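Student: I would like to learn how to read a protein structure. Please take me through one.

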Amino acid sequence: MYRIVRKKVLNPTVTQMEIEAPLVARKARPGQFIILRVDDEGERIPLTVAGTDAEEGTVKIIFQIVGSTTERLNHKDEGETIRDFVGPLGMPTRTESIKKVCIVGGGVGCAIAMPVAQEFHRLGAEVTSIIGFRNRDLLILEDEFRACSDRLVVMTDDGSYARQGNVTAPLKEMLEAGETFDEIITIGPLVMMKFVTLTAKPFGVPVTASMNPIMIDGTGMCGGCRLTLNQDGRRVTKFACVDGPDFNAYEIDFDEAMSRCRMYFNQERRAHEQTCNLFKNA
Amino acid sequence: MAIIPSKHEMPTQAPEVRAHNFREVALGYSEATALSEAQRCLNCKNRPCVEGCPVNIQIPDFISKVKEGDYESAYRIISKTSSLPAVCGRVCPQETQCEAKCTLGIKFEPVGIGRLERFVADWHNAQSLSAAEKPAGNGHRVAVVGSGPSGLTCAGDLAKKGYAVTVYEALHAAGGVLVYGIPEFRLPKAIVAREVETLKQLGVDVQTDVVIGKTLTVDELFEMGYEAVFIGTGAGLPRFMDIPGESLKGVYSANEYLTRSNLMKAYLDDPQTPIMKGGYVAVVGGGNVAMDAARTALRLGAEHVYIIYRRSMEELPARREEVEHAEEEGIDFRLLCNPVEILGFENPDDPRDPRNGFVDGIRCVKMELGEPDASGRRRPVVIPGSEFELHVDTVIMALGTSPNPLIKNTTQGLEVNRHGGIIVSEDGLTSREGVYAGGDAVTGAATVISAMGAGKVAARSIDEYLSGK
C-alpha cells in the first residue's frame, strides 16, 4: 500500500499527488514513469513522474481525469492509500551534450515536460519553454515553468489567457528568425507532437517526443505499448515501456499511434460514465 | 490381477458447457478412480519415470502410498522434490516426460502419473489443515527475482534448508506466468495462491511491485546483504511476424491478451481492464500459449476461433490434452497455413468512421512440408498461388517471446547469448559470482516444469556455494 502524502487540485480536471514510495523516489529520473493500481480490482495505468523528493521518499504524479481509473484515483484523499505503485520504468530523458533546449508541452503533457525542463535548467542548459492549453481554466504549472525557463511562451487555443494559438506558432517564428536548438523535446497530445515535428523538420532541428501509449505491465512483457518507427526505409517495432518513452520524433508513425490509442475508446467512455454514476450515488 | 490396459479417463466438464465458462476443465480423479489407477503401477525396479521427471519426483514411492490410501504420505514424498505439486499435476506435459518413460507404457497406456499427482495435491489442500513448518534459519540471505515457477521452486527449496529468502515480483500478484499466462480453466488462481501461501509459511518473504533492474539493481541486492541472487524473470518481449497490419487495433500478443484476461480479470463480468470480446478470432501459433489464447477467446464470447499454424498436427508443440480439449470445444484448426498480412477496415468515404483501423481480416498462404530443417522437423514451404482470406475481428500472435532485457541492461558482467538469454553453467551459475539464473530468462519460452527444474538446480548450487562460505 502506498500513502498519498499530499494532494492538490491544479485545475478542474487535473490533480497533483505526492505518493510515499521511497524506493521509486530514490531512483526516478526525469522522463521515467510509474504504473499504479488504485485498488484490488483496479487496472494498471502508466503515469509519468512529475518530480521526486528522495529525502522524504515521495514521488509526485500529475494526472488528468479522463477515465474510470483516474476518476477513482481522484476520489482518494490525503492520508489514504493506493494499492500498487511501481517504478521507475522506461528510460530517462537524454540530457548529455544538450546546451540549448526547447521544451514544447501541451495540456496535461506539461506535467511531464516540467521535470524535464527543471532538469535541463539544473544542468545549466538554456531552456526555452512553450506551453499550450485549451483555455485559461486548464492552465497548469505556469509559475514552475517560469522558474526553470530562460524564456517562457504560454499559449491558449481560445486566447482566454496569454497568446492565442497553437504551440507550433511561436516555435515556427523562433526557427524562422534563425534560432537554433540542440534539441526540441515535445510532450503532449499525439496530434500536437506530430505538428511540432512537422514544424521543426524544415529547419533540421532534432526532435524527441515522449510517448504515452496503452500499457499493462510496463516491463516489456505484453507488447501493448508497441509503436512503429521508420528507420532508413524500414518499419521497426519498438516498445515504449522499455525502449522509450522518448523516441526520435522524425521516425515515429504518429498516425498509427493515434489510431492505436483509441482502441478502447468506447469501452473506456462507458466505464468512466459508470464510475461517475457510482460516485454520484454514493 | 489383470492389468487395466488404459489410463482412467479424466472426468471433464462437457465441451459445450465449458466453452462458455472459466471454471476448470478437468475435474480430477475421485478417490476410487485414483486407487484403481494407482494399482496399474508395476512398481518396477529401474523406475524410468523418475528419470523422466525434471525434478525427479520419486513417482513409484508416492504411488505406493496412494495404493495404501495414505495420501498425506504420498503428498510428503512429492513435496520433497516439488514445490508446486498441485500446479505440476495440472500443467506438466507428462506425455513427453515421466509417462513417456513408464514401463507399462511399452505394452499398454502408461500410468496416469500427472492425474495421480494432482489427486494427491488436491487431497492435501482440501484435507490438511496443518501449516507448513518454518525450518530453523541458517543465517544466510538469498534474493530471488521473479515469482514464476523457477523462482518459487528455488525459493521453496532454499527456505526448506533454512535460508532467509526474499522473492521480488514486478507485477502486483505473485505467480508469474502461472497467474498472468495460464488461464483459470486450466490452472485456477486459488491453487497458485495456495502454493504461494505454503512458501510464505516456510518463511519466504514475497515483495510485489519491485522491478529488479529498475527499482533495485542486482548490485544493490548484494549491498543490501543478500549473498546470492537467483534470476527467474521469465518471458520478455513478445515476438511478432513482421507482416503488414500488425499494429492495427485488434491485434494482440498472446501475452497481452492473456494478461488482460487472467491477471487483470477481464474474464469477469465487469472488469476495469478492457479487452476485445466476441466476433471472429484468429490465433497464430501452435504452442500451449496459442491453445490458452484460443480457448480464452472462446470463453470471452467469440463466435468462431481459428488456430493458424504453419506446420501439421504432428509438429504442433502444445500439450496433447490441450489440443484435444481445444478441438472438442470447437476451435477451428487451420494447419499448414501461414499469415502474410492482417487486413484493416478503412472507410474510403469517411476518415472519421470509428471502425477505421480495426482488424477486418487475415490473408494467409497454404504450406506444405518440405525437407527437414536444423531442428529435424520438416520445413514448411509456401504453395504458390494458395492465398486466401479469412474474416476476423481479432488476431492474437502466439509466437513466443525473447528474454526480458531489463536485468541484462543494468547488470554489469552478466553475459547473454545472441537471443538475449542469460548464459549459465550446468549448475545454473551465470558469469557473475553469486548470481544464478533459470527458466525462460535462460532458455526462451519453455515449460513450467523445466523452469522448476532449473530453479531446483540453482537452489542446490546456491546451497553449495553459501554453505562453503
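Predicted model: local features only at pLDDT ≥ 70, side-chain atom pairs only at ≥ 80, totals over all residues.

Student: How many helices and strands does chain B have?

Tutor: Helices (H or I, at least four residues) and strands (E, at least two) are DSSP runs, numbered from the N terminus. Chain B has 18 helices and 16 strands, while chain A has nine helices and 16 strands.

Student: What is the radius of gyration of chain B?

Tutor: The radius is taken over C-alpha atoms, and the globule rule is 2.2 Å times the number of residues to the power 0.38. Chain B has a radius of gyration of 23 Å, close to the 23 Å from the rule for 469 residues, so chain B is as compact as a globular protein of that length.

Student: What share of the residues in chain B is buried?

Tutor: Buried means under 20% relative accessible area, exposed over 50%, and partly exposed in between (1.4 Å probe, protein chains only). In chain B, 59% of the 469 residues are buried; in chain A, 58% of the 282 residues are.

Student: Which domains does the assignment give for chain B?

Tutor: Domain bounds come from an automatic or database domain assignment. Here it gives domain 1 (15-127), domain 2 (141-236 + 402-467) and domain 3 (240-399). The C-alpha centres of domain 1 and domain 2 of chain B are 26 Å apart. Contact means heavy atoms within 4.5 Å, and 23 residues of domain 1 of chain B are in contact with 22 residues of domain 2 of chain B.

Student: Now one residue: is Phe333(B) buried or exposed?

Tutor: Phe333(B) counts as buried because its relative accessibility is 14%. Phe333(B) is found in strand S9 (residues 332-335) of chain B. Leaving aside neighbours within four places in sequence, Phe333(B) is in contact with residues including Met291(B), Ile307(B) and Leu316(B).

Definitions and conventions. Residues numbered from 1 in each chain as written. Chains lettered and ligands numbered in written order. Heavy atoms only, no water.
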